[in-house]
Structure formats: structure tokens, C-alpha cells
Amino acid sequence: MEELIKELKRRIVENMKLDIRPDEIAPDAPLFGDGLGLDSIDVLELVVMLDRDYGIKIVNMDEGRKAFASVRSIAGYITKNKTAR
């Protein structure tokens, strides 16, 4: 799971064109609001990234909200849904 978290941090920084290093993102920090400061447009980028890079589709808004709470929650969601296939 730790390798997946590192990979996700790198992909988030690259895809969102953030001006920080991946290791500056705390795995449990909120991605939106006071945390990393992502917004609703960034949610779409995350949804596309999960589909493109991991073959995971998020279609339920409540499910997506929980999955995108932090980098660790995204990693958990990927792990759970990859094994469920």
C-alpha cells in the first residue's frame, strides 16, 4: 500500500500540475479545502486518472467523496476495487 501511496502522490502532482513535491503531501491530509486545496475541476481529473491508470470507474458521488478524502483513502479504494474484480 505504501508504494501505491507514493505512486498516487506523484501522479496527483503531475496531473494537477501542482507546485509541490510528492513527498510534501501527507498521506492522510485532506485533498480538498484546507488540505491540499484541490477543487471540483480537480475531482474530474482524479476520476479520469483512476479510470485511465487503474481501470476503476467511480460512478457514485458519495462513493467518490469518500474515496477522494485523502491519498491513503484513494489507495484503499484502488486496492479494494482491484481485488474485487
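**Entry 1: the crossing of α1 and α2**

I looked up how the two helices cross, and in this predicted model α1 passes α2 in a right-handed crossing. A crossing is right-handed if the near helix is turned clockwise from the far one by less than a right angle, and left-handed if anticlockwise. I noted the ranges as well: α1 covers residues 2-16, and α2 covers residues 40-54. Helices here are DSSP runs of H or I with at least four residues, strands are runs of E with at least two, and both are numbered from the N terminus.

Two packed helices are described by the angle between their axes and the distance between the axes. For α1 and α2 I found an angle of about 125° and axes 11 Å apart. The axes are lines fitted to C-alpha atoms over the stretch in contact, and the angles run from 0 to 180 degrees between N-to-C directions. The pair α1 and α2 is therefore oblique, since angles under 35 degrees count as roughly parallel, over 145 as roughly antiparallel, 65 to 115 as roughly perpendicular and the rest as oblique.

**Entry 2: the residues that meet**

Which residues of α1 and α2 meet? From α1 I listed L4, E7, L8, R11, I12, N15 and M16, and from α2 their partners D42, E45, L46, M49, R52, D53 and Y54. The residues of this contact divide into seven nonpolar, one polar and six charged. Contact means heavy atoms within 4.5 Å. Ala, Val, Leu, Ile, Met, Phe, Trp, Tyr, Cys and Pro count as nonpolar, Asp, Glu, Lys and Arg as charged, and the others, Gly among them, as polar.

**Entry 3: single residues**

Is M49 buried or exposed? M49, in helix α2, counts as buried because its relative accessibility is 1%; buried means under 20% relative accessible area, exposed over 50%, and partly exposed in between, with a 1.4 Å probe and protein chains only. Leaving aside neighbours within four places in sequence, M49 is in contact with L8, R11, I12, N15 and Y54.

N15 belongs to helix α1 and is partly exposed at 25%. With the neighbours within four places in sequence left aside, N15 touches E45, M49 and R52. D53, in helix α2, is also partly exposed, with a relative accessible area of 26%.

I then turned to K17, in the loop between α1 and α2, where phi is near 50°, a positive value in a residue other than glycine. K17 counts as exposed at 72% relative accessibility.

**Entry 4: confidence and conventions**

The protein chain averages a pLDDT of 91, and 96% of the residues score at least 70; pLDDT is the predictor's confidence in each residue, from 0 to 100.

Residues are numbered from 1 along each chain as its sequence is written, and side-chain values use heavy atoms, with hydrogens and water left out. In this predicted model local features need pLDDT of at least 70 and side-chain atom pairs count only at pLDDT 80 or more, while totals for chains, interfaces and linings use all residues.
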